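Here is a short report for a reader meeting this structure for the first time. Please look over the sequence and the model before reading on.

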Amino acid sequence: MSTPKLLGISGSLRAGATNTKLLHEAARLFGDHTYSQLDVNFPLYDADDEEANGVPVAVQDAAAQIASADAVIISTPEYNKGPSGVLKNALDWISRTDGSPWNDKPVAVMSAAAGRAGGERAQMILRGFMVPFRPRILQGPEIHLAASGEAFDANGHLKGEIYIKELTDLMKSLRKMI
């Protein structure tokens with residue numbers, strides 16, 4: 001098998017986002033691969049705009065990246081007990097593209113949040129958002145990184161042994177699904 005192509009999607013646009021750091025740690029623990037991260041800074045979905053102008057090129061490119069990846073990892077923050085609007089908007093836009101880029105795609109989801117539950121509710125909702133796209137979502141181990149602002153060292157590596165073990169196990173499972 002050739003070197004797998006791993007694609008990351010962070011539900012946060014913020015510079016230094018812990019969800020982006022968590023994706024980088026997941027990619028590091030995945031093993032040999034090529035990694036890229038999707039830019040989901042899309043305009044807000046507007047059906048009138050889509051009808052007038054079509055699907056933006058950036059969204060079409062994103063769908064192509066998903067389709068060509070061997071596996072996708074998604075990390076979402078938790079805002080008001082749900083995934084970020086940025087991530088939901090990206091999923092809505094990508095659903096408007098031709099083809100089915102998510103269909104049968106191995107996907108691992110995770111969350112990082114400031115709260116003690118680590119984004120557990122957001123991750124559950126995200127899993128529901130993915131159902132219509134028919135990917136193969138790993139069921140575990142679930143990664144809910146709590147107090148995420150304190151979870152990384154100065155080099156961006158996870159500090160907690162349990163999180164490192166669970167994330168390593170999740171990435172091993174994802175690799176097997178490819």
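Which residues of α3 are buried? They are V59, A62, A63 and I66. Buried means under 20% relative accessible area, exposed means over 50%, and partly exposed lies in between (1.4 Å probe, protein chains only).

This is a predicted model, where local features need pLDDT of at least 70, side-chain atom pairs count only at pLDDT 80 or more, and totals for chains, interfaces and linings use all residues. Residues are numbered from 1 along each chain as its sequence is written, and side-chain values use heavy atoms, with hydrogens and water left out.

Helices (H or I, at least four residues) and strands (E, at least two) are DSSP runs, numbered from the N terminus. Helix α3 covers residues 57-68, which is 12 residues. From first C-alpha to last, α3 reaches 16 Å, close to the 16 Å expected at 1.5 Å a residue. The expected span of a helix is 1.5 Å times one less than its number of residues.

The buried residues of α3 fall within an arc of 100° seen down the axis, so they line one face of the helix. The arc is that of the directions from the helix axis to the C-beta atoms. An α-helix has 3.6 residues a turn, so residues three or four places apart point the same way. The cover over the buried residues of α3 includes β1 (5-10), β3 (71-76) and α4. Contact here means heavy atoms within 4.5 Å.

Helix α5 has its own buried residues: A122, Q123, L126, R127 and M130. Their arc is 140° down the axis of α5, so they too line one face of the helix. Among the elements covering them are β3, α4, β4, β5 and β6 (144-145).

## Strands

Two strands pair if DSSP finds at least two bridges between them. β1 and β2 pair in the parallel sense over four bridges. L6 has Y35 in β2 as its bridge partner. Five of the six residues of β1 are buried, so β1 is largely enclosed by the rest of the structure.

β3 and β4 also pair in the parallel sense, over five bridges. There, I74 has V109 in β4 as its bridge partner. Seven of the seven residues of β4 are buried, so this strand is largely enclosed by the rest of the structure. Both faces of β4 are covered. One side holds P106, A108, M110 and A112, and the other V107, V109 and S111.

## Aromatic rings

How many aromatic pairs does a search of the whole structure find? The search finds two. Rings of Phe, Tyr and Trp (its six-membered ring) pair if their centres lie within 6.5 Å; planes under 30 degrees apart count as stacked, over 60 as edge-to-face and the rest as tilted.

| Pair | Centre to centre | Angle of planes | Kind |
|---|---|---|---|
| Y45 and W93 | 4.8 Å | 80° | edge-to-face |
| W102 and F133 | 6.3 Å | 20° | stacked |

The Y45 and W93 pair links distant parts of the chain, 48 residues apart. Y45 is in the loop between β2 (34-37) and α2 (47-53), and W93 is in helix α4 (residues 85-94). Y45 is partly exposed at 29% relative accessibility, whereas W93 is buried at 0%.

The W102 and F133 pair also links distant parts, 31 residues apart. W102 sits in the loop between α4 and β4 (106-112), and F133 in the loop between α5 (120-130) and β5 (136-137). W102 is buried at 2%. F133 counts as buried at 17%.

One ring has a charge over it: K88 lies over the face of F129, at 4.9 Å from the ring centre. The test asks that NZ of Lys or CZ of Arg is within 6 Å of the ring centre and within 35 degrees of the ring normal.

## Loops and backbone

A69 lies in the loop between α3 and β3. Buried or exposed? A69 is buried, with a relative accessible area of 6%. Leaving aside neighbours within four places in sequence, A69 is in contact with K5, L7 and K105.

A cis peptide bond joins G140 and P141, with omega about 0°. P141 is in the loop between β5 and β6.

K81, in the loop between β3 and α4, has a positive phi near 70°. K81 is partly exposed at 48% relative accessibility. D104, in the loop between α4 and β4, has a positive phi near 65°. D104 is partly exposed at 46%.
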